[in-house]
Amino acid sequence: AGRTAVVTGAGSGIGEAVAVTLAAQGAKVALLARRVERLDAVVEKIRADGGQALAVVADVTDDASVAAAVERIHEVYGVVDLVVNNAGVVLTNSMEDARVGEWQTVIDTNLTGVLRVTGAFAKDLREAAARGGSADLVNISSTAAHVTGIPGFAVYGATKAAVTHLSALL
């Protein structure tokens, strides 16, 4: 209650569930994703249940998009004190069938997106902590980070393992 949260990849799946849960517990939630129609549906659901939510179309692979999202969230909610990095994509091609562009998309979304969003809200999290409040960063990884040899999940698993290791350093 009383917290301001950002959830990436909030248009469906785990991100949607996290955003809905945070709002149900009293947080103001900014939902980030690439597809406005999915975001709008989640925001509508949260508001119907009495929660506060803001849809912000953003692509975690793009610096300008993330910067615009930060600006919009600050305009509406002010300083953010909880960031949930959940945005992710899966590439299920085998290593021999994977194309470099596809590989790069998964890395840019699942790994570099975490760094980009965390960096964009780092000042907010420091400010929240300095005010004596709680500032939290949650990075969603996957069991694929710890299990090797899952056919078609080498690239995805590698990015999620990197997120797990990166999170240990933050």
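**A chat about the sheet and its helices**

Guide: Let's start inside a helix. Apart from neighbours within four places in sequence, Asn-110 is in contact with Ala-87, Gly-88, Val-89, Tyr-156, Thr-159, Lys-160 and Val-163. Contact here means heavy atoms within 4.5 Å.

Visitor: Before we go on, what kind of model is this, and how are residues numbered?

Guide: This is a predicted model, where local features need pLDDT of at least 70, side-chain atom pairs count only at pLDDT 80 or more, and totals for chains, interfaces and linings use all residues. Residues are numbered from 1 along each chain as its sequence is written, and side-chain values use heavy atoms, with hydrogens and water left out.

Visitor: Back to Asn-110. Which helix is that in?

Guide: Asn-110 sits in helix α4. Helices (H or I, at least four residues) and strands (E, at least two) are DSSP runs, numbered from the N terminus.

Visitor: Is Asn-110 buried or exposed?

Guide: Asn-110 counts as buried because its relative accessible area is 0%. The cut-offs: buried is under 20% relative accessible area, exposed is over 50%, and partly exposed is in between (1.4 Å probe, protein chains only).

Visitor: How far is Asn-110 from Val-43 in space?

Guide: The two are 23 Å apart, C-alpha to C-alpha. In sequence, 67 residues separate them.

Visitor: Now the sheet. What's the strand order?

Guide: The order is β3-β2-β1-β4-β5, in an open sheet of five strands with parallel pairing. Two strands pair if DSSP finds at least two bridges between them.

Visitor: Which strands are at the edges?

Guide: β3 (52–57) and β5 (136–139) are the edge strands, and each pairs on one side only. Neighbouring strands in this sheet are turned by 15 degrees against each other on average, direction ignored. Axes are lines fitted to C-alpha atoms, for helices over the stretch in contact, and angles run from 0 to 180 degrees between N-to-C directions.

Visitor: How many bridges does β1 make with β2?

Guide: β1 and β2 pair in the parallel sense over five bridges. In β2, Val-29 is the bridge partner of Ala-5, and Leu-32 is the partner of Thr-8.

Visitor: And how many between β1 and β4?

Guide: Three bridges, again in the parallel sense, join β1 (residues 4–8) to β4 (residues 82–85). Val-6 has Val-83 as its bridge partner in β4.

Visitor: How many residues of β1 are buried?

Guide: Five of its five residues are buried. Both faces are covered, with Thr-4, Val-6 and Thr-8 on one side and Ala-5 and Val-7 on the other. In β2, five of six residues are buried.

Visitor: Let's switch to helices. Which strands does α4 lie across?

Guide: Helix α4 (residues 100–130) lies across β1, β4 and β5, running at about 180 degrees to β4. Helix α3 (residues 63–77) lies across β1, β2 (28–33) and β3, at about 155 degrees to β3.

Visitor: How do α3 and α4 cross?

Guide: Their axes come within 10 Å and cross at roughly 30 degrees. That makes α3 roughly parallel to α4. Angles under 35 degrees count as roughly parallel, over 145 as roughly antiparallel, 65 to 115 as roughly perpendicular and the rest as oblique. The crossing of α3 with α4 is right-handed. Right-handed means the near helix is turned clockwise from the far one by less than a right angle, and left-handed means anticlockwise.

Visitor: Which residues meet there?

Guide: From α3, Asp-63, Val-66, Val-70, Ile-73 and His-74. From α4, Arg-116, Val-117, Ala-120, Phe-121 and Asp-124. The residues of this contact divide into six nonpolar, one polar and three charged. Ala, Val, Leu, Ile, Met, Phe, Trp, Tyr, Cys and Pro count as nonpolar, Asp, Glu, Lys and Arg as charged, and the others, Gly among them, as polar.

Visitor: What about α1 and α2, at what angle do they pack?

Guide: Helix α1 (residues 13–24) and helix α2 (residues 36–48) pack at about 25 degrees, with axes 10 Å apart. Glu-16, Ala-19, Val-20 and Ala-23 of α1 make the contact with Val-42, Lys-45 and Ile-46 of α2.

Visitor: Last one. What does Arg-72 touch?

Guide: Arg-72 touches Leu-54 and Val-56, not counting residues up to four places away in sequence. Arg-72 lies in α3 and counts as partly exposed, at 38% relative accessibility.
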